[in-house]
Amino acid sequence: MDKLEKIVRSIDFILKHVHEGIVIADREGRVIYVNEANERITGLDNKKILGQKVIDVVPTSSLIDVLKSGKERLGVKTRVNNKYVYSNIVPIYESGVLIGSISVFLDLTEIQDLNQKLESARQQINSLSKQLSGFIGDKDFIVGRNPKMQKVLEVAKKAAGVISSVLITGESGTGKEVVAKFIHNNSPRKNGPFIEVNCSAIPETLLESELFGYEPGAFTGADPKGKTGLLEKANGGTIFLDEIGDMPFSIQAKLLRVLQDSEIRKLGGGRKIKLDIRVISATNRSLEAMVKSGEFREDLYYRLNVIHIELPPLRERSEDIPVYAKLLMDKIGQRLNKKIQDISPAALRCLINYHFPGNIRELENILEKGFVMDEDGIIGVDDLPEFLSLKPEHNILKWNFDENWPTLQEAEKAIIERTLKAFPNKTKAAKVLGISRATLYRKMEEMGLDKDIV
């Protein structure tokens, strides 16, 4: 047995378990070793290769060149039958004497497949990352899978890239302020101020001076030093006018002038102050109806409503309550410095089935009560407010069975209609009814129910 064969036998166990293909040839170019991976990669029969000259098996192999030159060849692309392999070939020396060469190679097709899988995985990670950012947003901006909320996120991201005015509408507690902050924090103005003004919380007599500021001695009781208004404080950033529908009519005209001229005058002053502000406003009222009734200026409405974002109530996105609950529990746990491991399935069902008139804000309050009441690290039904676990009346459809007994078809149609009104999301409605989504659609078609029923 020559020296090269002794070396090969001493490491045979290792070579057998290498994923790459391996071929070792002696000084004369005769194959003395091939591992199992070689057969998988090249398709050649290992038994027929052993003892053969490399040049007879793969005439284009660079292994011959390495034996002739004694120098390594790295990153060599070689065709073997109908496949291409990527090889690193190095000479083998013993006491300074060339005794053979070894080729370690991969299937280029495998490499390309791996690259494609890697690229696919990368795209999937990016997609999941986007979904995760959709779930979490900007700390408190919880989006979830609900299509309406996905649309909100899409519009909010586009709004962040421009300086146009944004009007956010939706019921109280749906997260209008959170969306406003998300837009600001993802905009070029993110390093500028974000000034919040609650138009319903400041008395009408004070709102004007709060917004515009005043010069020293502007009126009786004024600060001798004067005051910088909130509009001026927002210069270079964003001003968020919450509850804009409650802004007094008299001040609406002055705000419109600010938006038109991009400048203000303090109360009691004559000097104009240039402004560079982005305006985001929010309301839970119908400004369109207020315009028609003369309570809100039409010209101001159109100035504010360049980009409109409408937040759906929580009852229209109940499928995402488990996601909201998890993220809100993390937030509450940090604030209260209390660790809650989970929420029980029964408690979660109570939350999903509740209509939440107070929306996300009410959900957070309910979960905080659960934190306070919990004793075992898992929020259960007993830890939640009692009204969540009250069972509905059995005769929810209010039929008088003594006078007008319904047919089975009438009862089924009424139940489906009531469920769709409570759960507009068809997947959620089907789950509540205990049927598949396809069955729900079939029954709706048979009963002549509008598929867009709410």
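The model is predicted, so local features need pLDDT of at least 70, side-chain atom pairs count only at pLDDT 80 or more, and totals for chains, interfaces and linings use all residues. Residues are numbered from 1 along each chain as its sequence is written, and side-chain values use heavy atoms, without hydrogens or water.

Select Ile168, Ile183, Leu351 and Leu367 to begin. They have the most contacts inside the largest nonpolar core, which has 44 residues. Such a core is a set of buried Ala, Val, Leu, Ile, Met, Phe, Trp, Tyr and Cys residues joined through side-chain atoms within 4.5 Å; buried means under 20% relative accessible area, exposed over 50%, and partly exposed in between (1.4 Å probe, protein chains only). Elements giving two or more residues to this core include helix 16 (345–353) and helix 17 (359–373). Helices are DSSP runs of H or I, at least four residues, and strands are E runs of at least two, numbered from the N terminus.

Next, pick Asp276 and Arg189. Their side chains meet in a salt bridge at 2.5 Å, N to O (a side-chain nitrogen of Lys or Arg within 4 Å of a carboxyl oxygen of Asp or Glu). The two sit 87 residues apart in the chain. Asp276 is partly exposed at 42%, while Arg189 is buried at 13%.

Now show Lys331 and Glu364, another salt bridge, with closest N and O atoms 3.5 Å apart. Lys331 is in helix 15 and Glu364 in helix 17, so the pair ties together parts 33 residues apart in sequence.
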